[in-house]
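Here are some friendly notes to read alongside the model. Please keep the structure open as you go through the points.

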Amino acid sequence: MDLLYMVLFAVVVLLGLLGGVTYAILFERKVIGWMQIRNGPNRHGPWGLFQTIADVLKLLMKEDIIPAAADRKIFVLAPILAFAPSFTVFAVLSWSDTLYAADLNIGVLYFLGVSSMTMLGVLMGGWSSNNKYSLLGSIRGVAQMVSYEIPLVLSVLGVVILSGTMNLRGIVQYQDDIGMWFIIPQFLGFVIYLISAIAELNRSPFDLPEAESELVSGYHTEYSGFRYAFFMLAEYTYAIAISAFATTLFLGGWLGPAFLPGIVWFILKMCIFMFIWFWLRATLPRARVDHLMQFGWKVLIPLALLNIVITAVIKVWMGW
Amino acid sequence: MSIKTETMTLNMGPQHPSTHGVFRLLVEVDGETITKAEPVMGYLHRGSEKLAENFLYTQFIPYTDRLDYLNAMTNNYVYCAAIEKLLEWEIPERADYLRVIVMELNRIASHLVWWGTYLLDIGALSPFLYAFRDRDICLDLLNEISGARMTFNYIRIGGVKWDAPEGWVDKVKEKVKELRENIAEYDTLVTGNEIFQARTIGVGKLTKEQVINWGISGPLARASGVNIDIRKEEPYSIYDRFDFNIPTREEGDVFARYKVRIAEMYESLKIIEQACEQIDEGEIIHKKGARIMMIKPPAGEAYTRAEASKGEIGVYAVSNGKNKPYRIKLRRPSFVNVSILQDLLIGENIQNLVAIFGSLDIVLGEVDA
């Protein structure tokens with residue numbers, strides 16, 4: 001019975017996620033469209049509501065091309081390996097007080113550990129395509145993701161120290177108890193998280209691995225049709241997961257005035273993060289590889305360490 | 001113990017989004033650092049110079065449109081001016097004013113395309129759309145007077161093809177104000193951006209000596225402190241009647257080129273405004289110019305040069321007294337400017353390659369002719 005329930009829940013989350021990704025893409029195109037003095041998609045259905053569906057259908061009907069010189073097995077496996085972890089992390093996320101899949105004690109650790117596996121997909125995709133641009137893209141991607149994984153983890157540690165638990169539900173509960181979202185006592189941590197999350201997601205201004213004007217889309221240059229759709233799906237799923245994680249850690253998860261149910265608050269807060277990603281994409285040029293690395297190692301990591309020290313001192317001093 | 005590493009040959013182009021056309025760069029990279037760069041061109045070669053020998057004088061004008069198709073008016077002008085020099089014709093004053101107005105409008109449009117696509121190259125999506133919004137203002141005006149948006153074929157030997165439609169000059173005055181406000185917007189959107197400055201300041205430095213030795217001209221030269229602009233140096237048409245400055249900078253890096261081009265747009269707006277004030281009614285073409293078959297320059301040769309948006313464009317025309325040119329030689333600024341690339345790229349990484357290459361502002365139609 002338990003197993004059945006879990007499978008059912010997984011399917012529901014997957015379907016919800018597919019819908020979420022569909023409309024996240026539309027949302028992105030609309031937001032960027034408005035910022036670029038144009039309308040964005042508006043031909044398919046009212047306000048272009050069916051645009052992404054049409055796009056996905058088109059991708060599904062495309063010919064499935066595997067380059068002759070590609071490493072077939074790895075080439076086929078890469079998009080799946082990119083998508084699976086970004087979806088698996090949803091197991092520990094708690095959508096509302098009652099709606100969740102697993103109440104895991106080490107939720108934070110699980111999330112960070114599993115989500116960092118997506119870079120395997122990037123590396124394999126770039127390597128197996130047998131394309132120089134893809135290779136450069138995936139090398140960049142892995143270097144970037146490894147470097148920014150560290151400040152990301154360190155920035156989350158501040159929250160863990162304050163709340164004294166790694167359970168994601170526990171963290172939200174704790175924020176409820178002290179009557180304050182962690183964005184206030186952990187503002188520095190929040191900013192570091194936001195920046196390193198963008199780098200983790202390979203989104204602008206840190207979209208070096210897929211820089212279309214330099215590397216012609218980087219690691220997924222050779223992918224087309226359904227496999228390409230899978231990479232895109234993985235990217236947006238991961239974006240949603242990172243937003244949901246940030247919501248849980250810093251914005252009090254499902255907490256909010258009672259006139260709306262918890263899940264609505266959760267999704268609204270997530271949308272704020274999504275909007276920030278899109279906003280940055282419409283505004284900023286791309287950073288340079290060496291600047292990116294320097295910024296990560298010389299600025300973000302020391303700051304994140306400082307944040308941990310300060311948080312620990314406060315924790316002991318204030319007796320929180 | 002040392003690890004054995006190999007360099008990799010990366011073939012950029014002819015189909016690559018940041019080459020803006022069919023340009024090919026053979027780069028040897030060590031990781032992402034460039035150790036050797038070899039530009040390969042000629043994918044768009046149409047033999048324009050040879051074609052010219054088989055056409056009547058007027059028939060070659062549309063071919064000049066297709067050299068630097070972003071700045072077709074100046075190309076039209078410099079060819080026509082060479083033939084006019086051979087013919088020793090007097091150009092009606094109104095035609096000269098119309099020529100200046102359309103050439104400067106076209107220069108702004110060309111710089112706007114550069115601005116937008118350059119930022120697209122270094123990863124900012126939005127500026128492109130803002131640039132094209134404003135470029136459209138210029139193109140609409142040019143469309144109204146010449147009937148085409150890019151390949152105008154408007155300036156003719158002896159004058160211009162069409163007179164300005166009613167109210168056109170007033171409309172230009174109005175749009176100049178709008179453009180000035182819009183271009184000021186660009187500074188707030190891009191110029192102060194930290195990432196943009198980090199990527200452009202100190203990158204792709206060109207020294208004064210390099211500029212002179214390689215014969216580089218246009219905004220590229222002026223950004224390296226070489227104050228040369230044919231409009232001031234050797235005022236052609238009626239440029240000596242206007243009050244404008246030549247923006248120069250000393251740094252010679254990509255950011256300096258950016259600033260020079262933005263400043264140049266303001267100067268062009270100033271010229272257009274003055275021209276719109278001074279323009280008078282009158283003839284628009286020399287009485288013989290309207291008749292194509294009549295153009296038979298006396299035997300001789302002439303060289304004219306003009307300041308296009310990319311640099312110094314020149315036409316050397318030789319006539320043997322027949323109705324077709326004996327020889328036309330084109331000095332194409334993009335072709336000359338791009339030759340520095342092989343020296344400029346050594347030691348840079350792939351990302352800087354795009355930033356430097358884009359800053360040269362070349363048009364492949366002109367590189368290959």
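1. Start in chain B, where E1, E2 and E3 form an open sheet of three strands in the order E1-E2-E3, with antiparallel pairing. Its edge strands, each pairing on one side only, are E1 (8-12) and E3 (33-40) of chain B. From one strand to the next, the twist averages 20°. Strands here (E, at least two residues) are DSSP runs, as are helices (H or I, at least four), numbered from the N terminus. Two strands pair if DSSP finds at least two bridges between them.

2. This is a predicted model: local features need pLDDT of at least 70, side-chain atom pairs count only at pLDDT 80 or more, and totals for chains, interfaces and linings use all residues. Residues are numbered from 1 along each chain as its sequence is written, while chains are lettered from A and ligands numbered from 1 in the order in which they are written.

3. Look at E1(B) again: five bridges join it to E2 (residues 24-30) of chain B, and the two run antiparallel. Across this pair, B:Asn11 stands opposite B:Leu26.

4. Further along chain B, E6 (residues 300-307) and E7 (residues 312-319) run antiparallel, joined by eight bridges. B:Glu307 has B:Glu312 as its bridge partner. Four residues lie between the strands of this hairpin, where B:Gly311 takes a positive phi near 150°.

5. E7(B) also pairs with E8 (residues 327-331) of chain B, in the antiparallel sense over five bridges. There, B:Tyr316 stands opposite B:Lys329.

6. Finally, chain A has a mean pLDDT (the predictor's confidence in each residue, from 0 to 100) of 85, and 97% of its residues reach 70 or more. Confidence in chain A is lowest in helix H9 (residues 212-215), at a mean of 67. Where pLDDT is low, the predicted coordinates should not be read in detail.

Definitions and conventions
Axes fitted to C-alpha atoms, helices over the stretch in contact; angles between N-to-C directions.
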